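Welcome! Try each task before you read its solution.

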Amino acid sequence: MARRLQDWLKPKPRLADWREYRYLAVDLELSSLDPNRGQILSIGWLPVKPPQICQGQGTELLIKDPGDLGQSPVIHGLTQQQLAKGIGLKQALLQLLEASRQHSDNIWILHHSALDMAFIQKACAACDIEFCVPRIVDTLRLEKRLLTRQGKHPQFEGLTLDKCRSRYGQDSHPAHAALEDALATAELFLCHAYRHFGGRDSSLSYLLSP
């Protein structure tokens, strides 16, 4: 017990500058915003090696037989016919985790990570996949924190992906396609990080979600 307490009280190793790491920008398209009712319809990701976004290594996978789509096609445009050409959920998840191992330092970039991670964790459990939660950079959380520090109201200013991007002069993008949203999130991450953490010795810890 004393040994465990000593280990816990030891200073945590300081993380290196955020530019020294490799990341994986990830996005999901979903049939619902409720993890207890909705399903993953597609997964998109691409590696990020600051200052570069590796678009040539981007991947988007459609999930076959996800069940009832409800009204979600109005948002993402995916149909049962398109999804029938996809792959199984377990196969898609395994490809995502392998890409994370190969192309990142197990750090994911997401916009609204709580939602996507709830779906991924539930899906991995259902597919009997051992899933260790990666370190996460949440661009929504970064923007919310910044606006709060500036004395602004995040909900009034807007925290959608396009609203956040517009504050950096970034163009709107074709929303609700997993790979396109992953790319847009990666671009937002780099703009935010270089503008606000572009000085010397900016530890990754400043960007990570708790």
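Two strands pair if DSSP finds at least two bridges between them. Helices (H or I, at least four residues) and strands (E, at least two) are DSSP runs, numbered from the N terminus. This is a predicted model, in which local features need pLDDT of at least 70, side-chain atom pairs count only at pLDDT 80 or more, and totals for chains, interfaces and linings use all residues. Residues are numbered from 1 along each chain as its sequence is written, and side-chain values use heavy atoms, leaving out hydrogens and water.

**Exercise 1.** Find the partners of strand 1 (residues 23–30).

*Solution.* Begin with strand 2 (residues 40–49): eight bridges link strand 1 to it in the antiparallel sense. Here Leu-30 lies opposite Ile-40. Next, look at strand 5 (residues 107–110), which runs parallel to strand 1 and is joined to it by two bridges. There, Ala-25 faces Ile-109.

**Exercise 2.** Is each side of strand 1 buried or exposed?

*Solution.* Recall that side chains in a regular strand alternate between the two faces of the sheet. Tyr-23, Ala-25, Asp-27 and Glu-29 point one way, Leu-24, Val-26, Leu-28 and Leu-30 the other, and all are buried (under 20% relative accessible area with a 1.4 Å probe, protein chains only; exposed is over 50%, partly exposed in between).

**Exercise 3.** Check the length of helix 5 (residues 113–126).

*Solution.* Take 1.5 Å times one less than the number of residues. After helix 5 comes Asp-128, with a positive phi near 60 degrees.
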